[in-house]
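Subject: The structure to look through

Hi there,

Here is the structure for you to open alongside this email. My notes on what turned up follow below it.

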Amino acid sequence: MKVLIATDKPFAKVAVDGIRKEIEAAGYELVLLEKYTEKQQLLDAVKDVNAIIIRSDIIDAEVFDAAKELKIVVRAGAGYDNVDLDAATAHGVCVMNTPGQNSNAVAELALGMMVYAVRNFYNGTSGSELMGKKLGIHAYGNVGRNVARIAKGFGMEIFAFDAFCPKEVIEKDGVKAADSVEELYSTSDIVSLHIPATAETKESINYELLNKMPKGAILVNTARKEVINETELIKLMQDRVDFKYVTDIMPAADAKFNENFAGRYFSTPKKMGAQTAEANINAGIAAAVQIVGFLNDGCEKFRVNK
Ligand code: 3PG
């Protein structure tokens, strides 16, 4: 059996070494395609492999068509919006993710971005503190829970809304459960986004919702750019000079944000929330273990397609 790691944004070497150990211990071969620039390189690399480990790499119908021997794709991470699940199912390929394995890394970055924003992007002027501020966590999954845990240490007042998570689960962590997404935004000085990109959430973060936030509001996005209605966010930031946007996923209109909102906008050059050695090791090795479990024993835990 042949397992491919296909990562446009590579794992730390220590993670690749760990993955190799798991794959070779099972008697399989590991091949590596990192930092590829053309889709054709991916199409060539998948031709004879039985399993693929990816990150945000796009696995669409064309890739499945090219991968004649493929049985399983594991997205080493949480969000699997980069994989065409219907095409996978049509090709009889199992798709999994590795939930929770990189969530602390993303949560730490979210808090780091909050500090950066309240301290005026470290420009030397007098900023403010996170202590006592109201934090709204939009979606209370693995990352959201880690954000809450860390934010408690900062002394923030924490609220969360998650349409799929019972209020009791949120409240047992000492977090206040908002009754609606509107209430979360009206209440929170800072909102941290942790929703996945789905048909329902795409462009759902719009003018109307963001305009409910109090004066001096900050939106922190370590989730996906697709959930933001960029045109409406730009309009909101034009109308509200108090509003700051900090993101780990560069907007399509990055130049426009930079040009118009200096001192109120920041984006990392490349998504780096999960870009730590620890997250790479956790998610990468989990992916390898899941592949071995699937190929050896048919274990389908963490399968995300039908
Ligand atoms: C995820 O969905 O797991 C995170 O967004 C991290 O994605 P990455 O592996 O592309 O950094």
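Where does the second largest pocket lie, given which domains give residues to its lining? Domain 1 (2–101 + 275–297) and domain 2 (103–267) both contribute to that lining, so the pocket lies between them.

A word on the basis of all this: the model is predicted, so local features need pLDDT of at least 70 and side-chain atom pairs count only at pLDDT 80 or more, while totals for chains, interfaces and linings use all residues. Residues are numbered from 1 along each chain as its sequence is written, and side-chain values use heavy atoms, with hydrogens and water left out.

**The two domains**

The protein is divided into domain 1 and domain 2, with bounds from an automatic or database domain assignment. Their C-alpha centres lie 30 Å apart. Eight residues of domain 1 are in contact (heavy atoms within 4.5 Å) with five of domain 2.

**The pocket between them**

The second largest pocket holds about 590 Å³ of space. A pocket here is an open set of points on a 1 Å grid over the protein atoms alone, with protein on both sides within 12 Å along at least five of seven lines; lining residues have an atom within 4 Å of a point. Volume is the space filled by probe spheres set on the points, which are joined across faces, edges and corners. Of its 22 lining residues, Asp8, Ser56, Asp57, Ile58 and Lys271 are the closest to the centre. By class, the lining has six nonpolar, three polar and 13 charged residues; Gly counts as polar in this scheme.

**The ligand**

Around the ligand (a heavy atom within 4 Å) you will find Lys9, Arg55, Ser56, Arg75, Gly77, Ala78, Gly79, Asn102, Arg224, Lys271 and Ala274. That shell has two nonpolar, four polar and five charged residues.

- A ligand oxygen is 2.8 Å from a polar backbone atom of Gly79.
- A ligand oxygen is 2.9 Å from a side-chain N or O atom of Asn102.
- A ligand oxygen is 2.8 Å from a side-chain N or O atom of Arg224.

The protein covers 95% of the 320 Å² of accessible area (Shrake-Rupley method, 1.4 Å probe) that the ligand has on its own.

Happy browsing!

Notes
A polar contact is a pair of N or O atoms within 3.5 Å; within protein, one must be able to donate a hydrogen and the other to accept it, and residues adjacent in sequence count only if both atoms are side-chain atoms. On a 1 Å grid over the protein atoms alone, a cavity is a set of points where a 1.4 Å probe fits but cannot get out, and a pocket is an open set with protein on both sides within 12 Å along at least five of seven lines; lining residues have an atom within 4 Å of a point.
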